[in-house]
Amino acid sequence: MTAERVLGLVGALEGLEVWVDGGWGVDALVGRQTRVHGDLDLGVVRDELERVVGVLNRLGYEVTDARYPDVTLQLTHVVEGHRVDLHPSTAVDGGTEQVDFDGDVRVIPPAVEGWIGGVKVRCMPVEAQRRARQGYVLRAQDHHDLRLLDALEQD
């Protein structure tokens with residue numbers, strides 16, 4: 001998933017309550033791309049999930065994994081094969097509440113400003129990014145992202 005594609009998708013979703021999370025979210029917080037990304041993770045307010053899926057459908061994406069609709073919804077581009085993972089959450093005062101795979105609810109603070117390819121985007125804040133990397137066996141890219149988050153917290 002290239003920065004240009006991410007910006008195209010985020011631009012197509014302008015006006016909807018979405019924010020960049022996952023690896024691209026970390027890179028947005030850092031302000032530059034630090035690694036290759038296989039997909040794009042987007043947080044989305046649950047009330048707008050259907051509209052976000054509709055926009056992505058019009059861009060050539062189809063739902064390819066809806067086993068855990070309260071936690072994540074995966075869409076794949078029908079021609080090019082790249083993925084967008086949507087992570088729905090419920091709007092609450094001061095942020096959103098997201099359900100994890102164990103059924104636990106966690107509060108996500110409001111989105112913050114980040115940068116991808118020199119363009120301002122909304123992204124998940126540092127503390128929420130860190131929490132999102134708990135509860136599973138970390139991969140090399142997760143360790144990479146955590147080192148970047150550590151450096152951001154030290155600045």
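Biologist: Which residues are linked in a network of salt bridges?

Modeller: This is a predicted model, in which local features need pLDDT of at least 70 and side-chain atom pairs count only at pLDDT 80 or more, while totals for chains, interfaces and linings use all residues. Residues are numbered from 1 along each chain as its sequence is written, and side-chain values use heavy atoms, with hydrogens and water left out. A salt bridge is a side-chain nitrogen of Lys or Arg within 4 Å of a carboxyl oxygen of Asp or Glu. A network of such salt bridges links R35, R133 and D145.

Biologist: How many salt bridges does a search of the whole structure find?

Modeller: Side chains of opposite charge can pair when their charged atoms come close. One of the pairs found here joins E113 to K120, with the closest N and O atoms 3.5 Å apart. Over the whole structure, the number of salt bridges is 12.

Biologist: Is D85, the salt-bridge partner of R83, buried or exposed?

Modeller: The side chains of R83 and D85 meet in a salt bridge of 3.1 Å, N to O. Relative accessible area (1.4 Å probe, protein chains only) sets the classes: under 20% is buried, over 50% is exposed, and in between is partly exposed. R83 is partly exposed at 28%, and D39 at 15% counts as buried. D85 has a relative accessible area of 8%, and is therefore buried.

Biologist: What is the volume of the largest pocket?

Modeller: On a 1 Å grid over the protein atoms alone, a pocket is an open set of points where a 1.4 Å probe fits, with protein on both sides within 12 Å along at least five of seven lines. Grid points are joined across faces, edges and corners, and a volume is the space filled by probe spheres set on the points. For the largest pocket, the volume is about 1,100 Å³.

Biologist: How many residues of the lining of the largest pocket are charged?

Modeller: Lining residues have an atom within 4 Å of a point, and 38 residues line the largest pocket; the closest to its centre are D41, H87, F101, A132 and Y136. Ala, Val, Leu, Ile, Met, Phe, Trp, Tyr, Cys and Pro count as nonpolar, Asp, Glu, Lys and Arg as charged, and the others, Gly among them, as polar. The lining has 10 nonpolar and 12 polar residues, and the number of charged residues is 16.

Biologist: How many of the residues of α2 are buried?

Modeller: Helix α2 (22-30) is among the elements that each supply at least two residues of the pocket lining. Its buried residues include W24, V26, D27 and L29. α2 is mostly covered, and of its nine residues the number buried is eight.

Biologist: What is the angle between the planes of Y68 and F101?

Modeller: Rings of Phe, Tyr and Trp (its six-membered ring) pair if their centres lie within 6.5 Å; planes under 30 degrees apart count as stacked, over 60 as edge-to-face and the rest as tilted. By this rule there is one aromatic pair. Y68 and F101 form an edge-to-face pair with centres 5.2 Å apart, and the angle between their planes is 85°.

Biologist: Which residue in the turn of the β6 and β7 hairpin has a positive phi?

Modeller: β6 and β7 run antiparallel and are joined by four bridges; strands pair if DSSP finds at least two bridges between them. V99 stands opposite V105 in β7. Five residues lie between the strands of this hairpin, and the turn residue with a positive phi, about 85°, is G103.

Biologist: What is the bridge partner of V112 in β9?

Modeller: Strands β8 (residues 112-116) and β9 (residues 119-123) pair in the antiparallel sense over five bridges. They form a hairpin with two residues between them, and G117 in the turn has a positive phi of about 55°. In β9, the bridge partner of V112 is C123.
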